[in-house]
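Good morning, colleagues. Please look at the display as I speak.

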Amino acid sequence: MQDVGVGLYPSMSLVNHSCDPNCVIVFEGRQLLLRSVREIQIGEELTISYIESLMPSSERQKHLKRQYCFECNCLLCKTQEKDADMLAGEEQAWKEIKDAVAKVGDPRSQEEWEQVLAMCQALLNNNADRLPDTNIYLLKMLDCAMDACINLRRWEEALLYGNRTLKPYRSGKNIHTVLHRDH
């Protein structure tokens with residue numbers, strides 16, 4: 001998920017946004033591919049998410065308005081159906097984690113990655129019993145810890161954090177359709 005260049009793909013610019021998309025864009029070298037992430041009905045519009053879908057409805061709407069100048073009216077936004085799961089747990093705990101994730105920035109050195117991992121581990125340990133694995137900010141913290149472990153070449157730890165982020169998807173209480181990060 002790091003920018004490495006710019007490409008123009010005119011046909012893909014025709015694919016509209018949905019916060020609950022049925023497709024995802026992936027790159028294979030210079031080639032851009034549109035892949036389905038669920039069964040698509042005959043006549044159903046192909047959609048992708050223009051934004052990180054791991055956000056509550058209000059945050060997704062703000063981001064879309066600011067960056068793309070439109071309001072999403074997909075079913076997920078209209079019903080705010082998954083917001084309760086995303087924000088489950090003690091509000092003070094997830095706000096602390098949300099603020100910490102926002103401060104991480106873009107670590108470059110091994111020392112910075114060590115600091116990020118230590119912060120993640122402390123927050124995860126302190127809030128383990130106050131936030132369910134479906135909480136969006138807990139999931140982002142787990143993802144951040146996994147990134148730190150990958151950059152520190154701690155593969156076993158990275159796998160543990162990665163597996164924990166998958167639990168909500170396996171339990172049938174899917175938070176969102178597409179993970180936008182490939183590790």
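Let me begin with a definition: two rings of Phe, Tyr or Trp count as a pair if their centres lie within 6.5 Å, with the six-membered ring used for Trp. By that criterion, ring pairs join Tyr50, Tyr68 and Phe70 into a cluster. Please bear in mind throughout that this is a predicted model.

The structure holds three aromatic pairs. In one of them, the ring centres of tyrosine 9 and phenylalanine 27 lie 5.9 Å apart with the planes at 65°; since planes over 60 degrees apart count as edge-to-face, this pair is edge-to-face. It connects distant parts of the chain, as tyrosine 9 sits in the segment before β1 (16-17) and phenylalanine 27 in strand β2 (residues 23-28), 18 residues apart. Are these two residues buried or exposed? Tyrosine 9 counts as partly exposed, at 29% relative accessibility. Phenylalanine 27 has a relative accessible area of 53%, and exposed means over 50%, so phenylalanine 27 is exposed.

I turn next to a pair within the cluster. The rings of tyrosine 50 and tyrosine 68 have centres 5.1 Å apart and planes at 55°, so this pair is tilted. Here too distant parts of the chain are linked: tyrosine 50 belongs to the loop between β4 and α1, tyrosine 68 to helix α1, and 18 residues separate them. Both are partly exposed, tyrosine 50 with a relative accessible area of 26% and tyrosine 68 at 32% relative accessibility.

Serine 49 also lies in the loop between β4 (47-48) and α1 (57-68).

Finally, the overall architecture. The protein comprises seven helices and four strands, and along the sequence they follow the pattern β-β-β-β-α-α-α-α-α-α-α. Of the 183 residues, 39% are buried. Among contacts between residues at least 6 apart in sequence, 61% join residues at least 24 apart. The protein exposes about 11600 Å², of which carbon and sulfur atoms supply 50%.

Thank you for your attention.

Note on methods. Residues are numbered from 1 along each chain as its sequence is written. This is a predicted model: local features need pLDDT of at least 70, side-chain atom pairs count only at pLDDT 80 or more; totals for chains, interfaces and linings use all residues. Side-chain values use heavy atoms; hydrogens and water are left out. Helices (H or I, at least four residues) and strands (E, at least two) are DSSP runs, numbered from the N terminus. Buried means under 20% relative accessible area, exposed over 50%, partly exposed in between (1.4 Å probe, protein chains only). Contact means heavy atoms within 4.5 Å. Accessible areas come from the Shrake-Rupley method with a 1.4 Å probe; for residues, only the protein chains shown count as cover. Rings of Phe, Tyr and Trp (its six-membered ring) pair if their centres lie within 6.5 Å; planes under 30 degrees apart count as stacked, over 60 as edge-to-face and the rest as tilted.
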